[in-house]
Amino acid sequence: MPKILIADDDVAVRDLIRSLLERVGYAVAEAGSGEQTIEMATSEDPGLILLDIGMPGIGGIEALRRLKADPATADIPVGVLSAQHEIALVKECVELGASDYLGKPCRDGWLLTIVKEILEISSHDYAFTGTQG
């Protein structure tokens with residue numbers, strides 16, 4: 001199973017998501033800031049990034065923008081997790097290249113379903129085009 005990078009400044013949220021993902025067999029890495037997320041996207045080679053919008057430093061929107069602008073990380077699928085539910089924000093994230101947008105809090109089953117679907121779509125795209133995303 002691919003590694004998932006959880007990017008959230010809230011340690012409790014990261015712990016909950018990590019525990020859930022590890023319980024079903026995913027390898028997990030964790031980042032607590034936008035800068036750390038960008039750095040780890042290259043060093044950890046994740047199959048998926050779960051990115052919170054409200055992080056310190058450059059923040060989730062700018063991290064998403066930079067990840068999608070860099071050829072080394074542009075093909076990594078990004079699922080946005082946020083307690084912010086404004087339509088304009090969801091639209092911006094999707095336009096920047098997010099694979100999905102999940103509101104926090106969300107049920108464990110829903111999160112696992114979305115993770116699985118994003119990874120399946122990503123690997124399906126790779127099989128047909130040679131690129132992820």
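In the predicted model, helix α1 supplies six residues to the lining of the largest pocket, which is the largest share of that lining. The lining comprises 13 residues in total, and those that lie nearest the centre of the pocket are Val13, Leu16, Ile17, Cys106 and Asp108. Two elements, α1 (11-23) and α5 (108-129), each give two or more residues to this lining. The space within the largest pocket amounts to about 240 Å³. When the lining residues are sorted by class, eight are nonpolar and four are charged, while one is polar.

Because Cys106 is among the residues nearest the centre of the largest pocket, the state of its sulfur was also examined, and the sulfur of cysteine 106 was found to lie 15 Å from the closest cysteine sulfur, that of cysteine 93, which is too far for a bond. A disulfide is assigned here to a pair of cysteine sulfur atoms within 2.5 Å, and the structure accordingly holds zero disulfides.

The two cysteines can also be described by their accessibility. Cysteine 93 is buried, its relative accessible area being 0%, whereas cysteine 106, with a relative accessibility of 27%, counts as partly exposed. For cysteine 106, the partly exposed state thus accompanies a position in the lining of the largest pocket, among the residues nearest its centre.

How values were computed:
Residues numbered from 1 in each chain as written. Predicted model: local features only at pLDDT ≥ 70, side-chain atom pairs only at ≥ 80, totals over all residues. Heavy atoms only, no water. 1 Å grid on protein atoms, 1.4 Å probe; cavity = no way out; pocket = protein on both sides within 12 Å on 5 of 7 lines; lining within 4 Å. Points joined across faces, edges and corners; volume = space filled by probe spheres on them. Helix = DSSP H or I, 4+ residues; strand = E, 2+ residues; numbered from the N terminus. Nonpolar A, V, L, I, M, F, W, Y, C, P; charged D, E, K, R; others polar. Buried < 20%, exposed > 50% of the residue type's maximum accessible area, 1.4 Å probe, protein only.
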